[in-house]
Amino acid sequence: MVLCSNALTVYFASLSIRTVVVTTLACSVLLQLAYFASVLFLIWRSGCANRAGEMAEHFVVPRK
């Protein structure tokens with residue numbers, strides 16, 4: 001959806017197919033980088049939550 005709207009906007013602004021192709025490819029690369037960074041962030045956050053859970057287990061006092 002983003003790539004299509006980007007392509008149409010650039011085409012109507014510049015009337016150049018070459019510019020449309022270049023900007024659409026650049027937009028595609030930026031979207032892929034953002035997706036990759038968000039996946040890495042979620043993996044990092046999951047690891048932090050797991051470490052926090054492990055640390056909490058060390059401080060739990062067993063009930064009698």
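Good morning. A residue is called exposed when its relative accessible area is over 50%, buried when that value is under 20%, and partly exposed in between. I shall apply these terms to the structure before you, which is a predicted model.

Let me begin with Leu15. This residue sits in the loop between H1 and H2. Its relative accessible area is 61%, so Leu15 is exposed. Leu15 also has a positive phi, about 55°, although it is not a glycine.

Leu15 belongs to a nonpolar patch on the surface, together with Leu8, Tyr11, Phe12, Ile17, Val21 and Leu25. The accessible area of these residues together is about 750 Å². Two elements give two or more residues each to the patch: helix H1, covering 2-14, and helix H2, covering 17-58. Ile17, for example, lies in helix H2, and its relative accessibility of 56% means that Ile17 counts as exposed.

I turn now to the aromatic residues. How many aromatic pairs are there? The count comes to 2. One is formed by Tyr11 and Phe12, whose ring centres are 5.8 Å apart. Their planes meet at 65°, and an angle over 60 degrees counts as edge-to-face, so this pair is edge-to-face. Within it, Phe12 is exposed at 62% relative accessible area, while Tyr11, at 33%, is partly exposed.

The other pair is Phe41 with Trp44, which is tilted, with 5.8 Å from centre to centre and 35° between the planes. Both residues lie in helix H2, 3 residues apart, or about one turn of the helix. Phe41 is partly exposed, at 43% relative accessibility, whereas Trp44 has a relative accessible area of 51% and is therefore exposed.

Thank you for your attention.

Methods. Residues numbered from 1 in each chain as written. Predicted model: local features only at pLDDT ≥ 70, side-chain atom pairs only at ≥ 80, totals over all residues. Heavy atoms only, no water. Patch = residues over 30% accessible without salt bridge, like charges linked within 9 Å, V, L, I, M, F, W, Y side chains within 5 Å. Areas by Shrake-Rupley, 256 points an atom, 1.4 Å probe, with all protein chains shown as cover. Salt bridge = Lys/Arg side-chain N within 4 Å of Asp/Glu carboxyl O. Helix = DSSP H or I, 4+ residues; strand = E, 2+ residues; numbered from the N terminus. Buried < 20%, exposed > 50% of the residue type's maximum accessible area, 1.4 Å probe, protein only. Phe/Tyr/Trp six-rings, centres within 6.5 Å; stacked < 30°, edge-to-face > 60°.
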